[in-house]
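Subject: Predicted model for your review

Dear colleague,

Please find below the sequence and structure that I am handing over to you.

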Amino acid sequence: MLTVSTGARTDVGRVRRLNEDSYVIGRRLWMVADGMGGHAAGDVASHLIAERFDRLRDAPALRRGDIETALREANTAVVGYGISHPVAQGLGSTVTGLAGISTDAGERWLVFNVGDSRVYSWLGGELTRVTVDHSEVEELIAAGALTPDEGRVHPLRNVITRSLGSRLVPEPDYVERPQVPGERFVVCSDGLNSELTDVQIAAIMAQDADPQSTADALVAAALDAGGHDNVTVVVLQIGD
């Protein structure tokens with residue numbers, strides 16, 4: 001696998017009292033989970049998911065099946081917590097991330113996603129969203145009923161359609177990608193993109209700072225824009 005340098009920052013924001021985001025940085029794995037706002041124990045849900053993925057932190061090799069298993073087991077853990085703690089029933093969390101996996105065709109990236117946290121790619125001066133939000137607004141945009149700008153202020157913008165914590169196991173999205181030297185990835189909770197447009201995110205990426213400085217700058221910009229939600233950002237720089 002190509003070398004990877006990483007930076008990360010998480011912040012409770014300017015409005016919330018509790019940070020319900022969690023993240024994991026591993027040898028071949030980078031993940032963000034965002035506990036569902038408005039539900040009991042969202043911080044517990046994201047922590048349970050991170051705890052399951054943390055077992056893969058130092059894995060010398062990963063395959064797609066390892067990620068699929070981790071997502072299933074994380075969902076079971078969140079559901080089980082809700083059953084054993086009735087006051088927390090309804091807890092849930094998004095999860096998204098990037099894993100370096102071994103395939104028959106060689107080393108590749110596997111992007112995985114459940115919910116509305118995101119993975120972006122920065123390559124050749126262009127920002128591309130790799131994941132698709134599982135949300136009411138994203139479905140309306142896809143159907144042509146809303147423009148992206150309208151979606152940013154729509155009253156359903158925080159309603160997600162898939163999350164971990166469902167007894168009916170949600171279907172994750174998976175995207176395999178080649179490993180390209182020089183590419184950067186941003187893995188983030190929606191506290192970033194709910195405050196900053198993709199154009200604003202791209203402008204910060206274009207400054208070409210090191211991964212930690214870039215993560216710090218992205219979070220600082222989200223806070224300056226209002227910081228209405230927890231915000232977590234992991235930035236990866238792919239080397240030779």
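The structure is a predicted model, in which local features need pLDDT of at least 70 and side-chain atom pairs count only at pLDDT 80 or more, while totals for chains, interfaces and linings use all residues. Residues are numbered from 1 along each chain as its sequence is written, and side-chain values use heavy atoms, with hydrogens and water left out.

Helix H2

Helices (H or I, at least four residues) and strands (E, at least two) are DSSP runs, numbered from the N terminus. Helix H2 covers residues 64-84, and its 21 residues should span 30 Å at 1.5 Å a residue; the end C-alpha atoms are 31 Å apart, which agrees. The expected span is 1.5 Å times one less than the number of residues.

Buried in H2 are Ile67, Ala70, Leu71, Ala74, Asn75, Val78, Val79 and Gly82. They lie on the same side of H2, because they cover an arc of only 160° around the axis; the arc is that of the directions from the helix axis to the C-beta atoms. Buried means under 20% relative accessible area, exposed over 50%, and partly exposed in between (1.4 Å probe, protein chains only). The partners of this buried set are strand S3 (29-35), helix H1 (42-54), S4, S5 and strand S8 (173-178), with contact meaning heavy atoms within 4.5 Å.

In H6, the buried residues are Ile201, Ala202, Ile204 and Met205. These also cover an arc of only 160° around the axis, which puts them on the same side of H6. Their cover includes strand S6 (118-123), strand S7 (126-129), strand S9 (184-188), helix H5 (190-193) and H7.

From H6, Ile201, Ile204 and Met205 meet Thr214, Ala217, Leu218 and Ala221 of H7. By class, this contact has six nonpolar residues, one polar and no charged ones (Ala, Val, Leu, Ile, Met, Phe, Trp, Tyr, Cys and Pro count as nonpolar, Asp, Glu, Lys and Arg as charged, and the others, Gly among them, as polar).

Two loop residues

Asp104 sits in the loop between strand S4 (93-103) and strand S5 (106-114). Asp104 is exposed, with a relative accessible area of 82%. Pro155 is placed in the loop between helix H4 (148-153) and S8, and counts as exposed at 70% relative accessibility. Pro155 and Glu136 are 19 residues apart in sequence and 10.0 Å apart in space, C-alpha to C-alpha.

Yours sincerely
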